Amino acid sequence: LERKIMEMDNFFYLSPDLLCEATMNGYFQKVSRSFVTELGYSEEELLSTPFIELVHPDDLHDTMQVMQQLVEQDKSIAFFHNRYRCKDGHYITLSWNAIPHLPTETIYATARNITKLELLQEEINRNKIREIERSKEKFTTLSQMTKMVSHELLEPANLIIGFADVAEEMIKELAETNDLQEIADLAERIELDLKRIKKHSEFISMVLNKMNSEADWYQIPSVINRKLQF
């Protein structure tokens, strides 16, 4: 029995997690050494101080509600977070699991210091927010550039259609006329329109190839500066 009691005491006092027994009127009656290590108070100071006095003011309301669940409603709690003041004045965040034992009016609880974990999670969240903002900016830029490119492509596309229609009409006229000079004039106009169609087609092809091959396709000078003339 003595050996078993010693083993239980060793487990309690040497556990890296914070283990404690508390009275239902708000005092620790037994704490593991990890409490002393994490909070910086001596065991005597911890046992003689109402633990609610160590709780961060902003966490008092929630902590009191949890205590009410334990004492008055006989309900256990799991993963409850609050901040405890260390002896040097700074606060650490503890994650609590606790269960009440009404016959002995004792609360058995374990806690773990998750301050670093919370800081890491906050940093991860900040990075996620920054990534989301960057993605939104990229999407906005891409959307704006796409509209610009679409506008640039729309005009030559419409011109190509118009030139093709004109060329088609002139070819029909060419087939119906016997005047050599008129035929020569129509042929020259058809050739000119075909050259324009080719030039506009080459521009559209260049933009589309640029879009397919480069991530920064929206930096095409002819699109941004409108330097390309027809």
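How many bridges pair β4 with strand β5 (residues 106–113), and in which sense do they run? The two strands pair in the antiparallel sense over eight bridges. This is a predicted model, in which local features need pLDDT of at least 70 and side-chain atom pairs count only at pLDDT 80 or more, while totals for chains, interfaces and linings use all residues. Residues are numbered from 1 along each chain as its sequence is written, and side-chain values use heavy atoms, leaving out hydrogens and water.

**Strands**

- Strands (E, at least two residues) and helices (H or I, at least four) are DSSP runs numbered from the N terminus, and two strands pair if DSSP finds at least two bridges between them.
- Strand β3 (residues 77–85) runs antiparallel to strand β4 (residues 91–101), and seven bridges join them.
- Arg83 stands opposite Thr93 in β4.
- The hairpin of β3 and β4 has five residues between the strands, and Gly89 in its turn has a positive phi of about 100 degrees.
- Asn97 has Thr110 in β5 as its bridge partner.
- Four residues lie between the strands in the hairpin of β4 and β5, where Glu105 takes a positive phi near 50 degrees.

**Aromatic rings**

- Rings of Phe, Tyr and Trp (its six-membered ring) pair if their centres lie within 6.5 Å; planes under 30 degrees apart count as stacked, over 60 as edge-to-face and the rest as tilted.
- The count by this rule is four aromatic pairs.
- The ring centres of Tyr84 and Trp96 are 5.6 Å apart and the planes are at 45 degrees, so this pair is tilted.
- Tyr84 in strand β3 and Trp96 in strand β4 are 12 residues apart.
- Buried means under 20% relative accessible area, exposed over 50%, and partly exposed in between (1.4 Å probe, protein chains only).
- Tyr84 is buried at 3%, and Trp96 is buried at 7%.
- Ring pairs link Phe28, Phe35, Phe51, Tyr84 and Trp96 into a cluster.

**Salt bridges**

- A salt bridge is a side-chain nitrogen of Lys or Arg within 4 Å of a carboxyl oxygen of Asp or Glu, and the count is six.
- Arg112 and Asp17 meet in a salt bridge (2.8 Å, N to O).
- Arg112 lies in strand β5 and Asp17 in the loop between α1 (2–14) and β1 (18–23), so the pair ties together parts that are 95 residues apart in sequence.
- Arg112 is partly exposed at 48% relative accessibility, and Asp17 is partly exposed at 25%.
- Glu131 forms a salt bridge with Arg134, with the closest N and O atoms 2.2 Å apart.
- Glu131 and Arg134 are three residues apart in helix α5, so about one helical turn separates them.
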